[in-house]
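The following exercises are to be worked with the sequence and the model in view. Each task is followed by a stepwise solution.

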Amino acid sequence: MQDPLAVVFFVFFAGLLSAPIFASVDADGRGDEQGNLFAERGCCRRQSHFLHVGHDVSGSPVNVDVGKCQSSCSSQQISSLNPSLLELSRHSSMLDFLRSKKLQVRRPNSLLRPGAPRSCPGGSCCEPTHVHMERLLLLEGVREVEVVDGCHCSMCPEECLRLPAVKTFFPDSPWEVTIDVGKCSDPAYSADGLFCMPTKFSAALVKTPQGGEVVQMLENCEMKEKCYRVSQVEYYYEIVHNSAGRREERLKEIDVGRCLGSCSLGDPCLLRESQGREKCLVWAEAASSRCVPHQYDVHTFWSRRDRVRTVVAIRQCKCRG
């Protein structure tokens, strides 16, 4: 009696030979090192993602394709692939594929868990390669939206780290400039409801048609709640009297703080497809409650103008509708 595993291997290899050559060999002739070429290069690409941003000066609605990078392969993309490669794309190696075939002989198909394959190999994520800021003249005024230009598979660190994020401002103009504004990693785990959030920033001045504009760049990330307080130091002149009763002017430092983060609520989908209503065609910005100051500290001192000055510093932030 023939070994079932050997029969499966023979059938699969025969089908693979009839598939297009690009399915198993890179453009430069090298074999696929990850063993999942379709998942790495067929699914991690820019997908359309329309966002309703407002109305133009004529009152017509404006929807912008801001794009997105998807984390898994859709069923439509899988069905368009050569059938001989469909099963292979769900596994990280030839050995895993053959093992799954052997398990299917022992177990009925109903016990196997279906699922769309990841768009990138394990340990990496489908992330934007580059984004640019699109400036739109709307009825409500000038609006900037972030548009994804392309996607690729990049490493997903399990730690909370600052990662590079390249963004172009004023594209296709004499003022075009590209800056690494940075972003925080997105660890798969979330301990005690904490998330990897930005905590420290720097600034860069870029030239614009109106003169100049300050661009915020991320420097550091830490594990925080979704709505959180970050440090923001301000300086004031304070008048004091020394032990001899003489008037002195000192520089007073106060960490007034500020609130960062988001508190999204509700369904941001404006238009769904008529059949099934599972796919969203046009998105709006998610309705959200605001991350606002919740507790304060009050600092009172005598200013150089001989007046009592009061500065309120944020102690804690909280989501509020």
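**Exercise 1. Determine which residues E238 is in contact with, and whether E238 is buried or exposed.**

Step 1. Residues within four places in sequence are set aside, and a contact is taken as heavy atoms within 4.5 Å. On this basis E238 touches E248, E249, R250, K252, F301 and W302.

Step 2. E238 belongs to strand β14, residues 233-241. Strands (E, at least two residues) and helices (H or I, at least four) are DSSP runs numbered from the N terminus.

Step 3. The relative accessible area of E238 is 18%. Buried means under 20%, exposed over 50%, and partly exposed in between, with a 1.4 Å probe and protein chains only; E238 is therefore buried.

The model is predicted: local features need pLDDT of at least 70, side-chain atom pairs count only at pLDDT 80 or more, and totals for chains, interfaces and linings use all residues. Residues are numbered from 1 along each chain as its sequence is written, and side-chain values use heavy atoms, with hydrogens and water left out.

**Exercise 2. Identify where confidence is lowest and where it is highest.**

Step 1. pLDDT is the predictor's confidence in each residue, from 0 to 100. Its mean over the protein is 75, and 66% of the residues reach 70 or more.

Step 2. Helix α4 (residues 83-86) has the lowest confidence, at a mean of 41, whereas strand β9 (residues 177-180) has the highest, at 95.

Step 3. Over residues 7-40 pLDDT stays under 50, and the model has 52 contacts beyond four places in sequence for them. Over residues 75-95 pLDDT also stays under 50, with 44 such contacts.

**Exercise 3. Describe the largest pocket: its volume, its lining and the residues closest to its centre.**

Step 1. On a 1 Å grid over the protein atoms alone, a cavity is a set of points where a 1.4 Å probe fits but cannot get out; a pocket is an open set with protein on both sides within 12 Å along at least five of seven lines, and lining residues have an atom within 4 Å of a point. Grid points are joined across faces, edges and corners, and a volume is the space filled by probe spheres set on the points.

Step 2. The largest pocket holds about 1,600 Å³ of space. Its lining comprises 46 residues, of which P128, V131, E146, K167 and K183 are the closest to the centre.

Step 3. At least two lining residues come from each of β4 (68-69), β5 (124-138), β6 (141-155), β8 (166-169), β10 (183-184) and β12 (211-224).

Step 4. The classes are nonpolar (Ala, Val, Leu, Ile, Met, Phe, Trp, Tyr, Cys and Pro), charged (Asp, Glu, Lys and Arg) and polar (the others, Gly among them). The lining has 25 nonpolar, 10 polar and 11 charged residues.

**Exercise 4. Locate S71 and S119, and classify each as buried or exposed.**

Step 1. S71 is in the loop between β4 and α3 (75-79). Its relative accessible area is 56%, so S71 is exposed.

Step 2. Beyond four places in sequence, S71 touches R118 and S119.

Step 3. S119 is in the loop between α5 (94-106) and β5. With a relative accessible area of 1%, S119 is buried. S119 and C153, 34 residues apart in sequence, lie 8.2 Å apart from C-alpha to C-alpha.

**Exercise 5. Where do D172 and D306 lie, and what are their phi values?**

Step 1. D172, in the loop between β8 and β9, is not a glycine but has a positive phi of about 55°. Its relative accessibility is 78%, so D172 counts as exposed.

Step 2. D306, in the loop between β20 (288-302) and β21 (308-320), has a positive phi of about 60° and is likewise not a glycine. At 41% relative accessibility, D306 is partly exposed.
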